[in-house]
Amino acid sequence: MRLPDWAMLWRRPFPDANLLLLPGRQAAVIDSGFVAHAHQTAAWVRSRTTDLTLVVNTPWHSDHVGGNGLFQAAGAGIAGSAVDATTLARRDPGCCNAEYLDQPVDPYTIDVPLYDEQSLRLGDADWQVLHTPGHTPGHLCLWQPDERLLIVGDVLSDYDVGWVNLGLDGADAAATAWQSLRRLADLEPRVLLPSHGPIPADPVAAFDAALRRAQRLVDDPAGAVWYGARRIFAFALMIRNGISRGEVAPYLAGRA
Ligand SMILES: [Zn+2]
């Protein structure tokens, strides 16, 4: 699956989300990596464009917004879900689920709140914003209809589907995630750009597998809770460079 030559993808391993640079008159990056790598992220972008206008976030989790504070201080605008904007503006401790997930995030605010079906110029192309709740209530995807490119954030990857937080977002979160997936599949994109892992070779097969996984999360809420907990803990192990065996039980008992 080929990207148009005006899009530059930096595939990054966890704890960073992949970064997509769209250079042009309104140069934009999609997602900004983990906070500990913010300077590395900024250097990569700076070596490819000198006039970054906008950072757009898909979910507001730490692996997607870590460079926001640095880019914002350097003059770029931050575009993110309108659903998240008020919480961020009042610096609510729930911002980015940073406290809940035990994942540090540098403070930032949303300069350009985004709404479902809004059109947005990124680089030199027009994109459509899609509000795709599930993994987070404010999750956004971006659709470029001429190239049939779909930026899917954490809704799905080539090997997985976004975990859902039934404890925080309610019992319907898994069904909501399934509906968002269905809506994206119906666009019949040519290229899928997930925030983690490779570009899926076959978008239809990737959606079929993701819809099956999402259905399992709907059918088995207890399993969905454990799945989310495992993903969150795996992330904690990564960003803390491991947790010693004796500290695991108290660490877990201290988490929301
Ligand atoms: Zn992510």
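A residue counts as partly exposed when its relative accessible area falls between the buried range, under 20%, and the exposed range, over 50%. Keep that in mind as you click around this predicted model.

Start by selecting Arg 148. It sits in the loop between strand 9 (140-144) and strand 10 (149-153). Arg 148 has a relative accessible area of 32%, so it is partly exposed. Now check its backbone: phi is positive, about 55°, although Arg 148 is not a glycine. Most residues other than glycine have a negative phi.

Next, jump to Asn 241, in the loop between helix 9 (221-239) and helix 10 (245-253). Here too phi is positive, near 55°, and the residue is not a glycine. Is Asn 241 buried or exposed? With a relative accessible area of 75%, Asn 241 is exposed.

For another backbone stop, pick Phe 14 and Pro 15. The peptide bond joining them is cis, with omega at about 5°. You'll find Pro 15 in the loop between strand 1 (8-10) and strand 2 (19-22). Most peptide bonds are trans.

Finish by zooming in on strands 10 and 11. They run parallel and are joined by four bridges. Select Ile 151 and look across: Leu 193 in strand 11 stands opposite.

Technical notes: Residues numbered from 1 in each chain as written. Predicted model: local features only at pLDDT ≥ 70, side-chain atom pairs only at ≥ 80, totals over all residues. Heavy atoms only, no water. Helix = DSSP H or I, 4+ residues; strand = E, 2+ residues; numbered from the N terminus. Buried < 20%, exposed > 50% of the residue type's maximum accessible area, 1.4 Å probe, protein only. Pairing = 2+ DSSP bridges.
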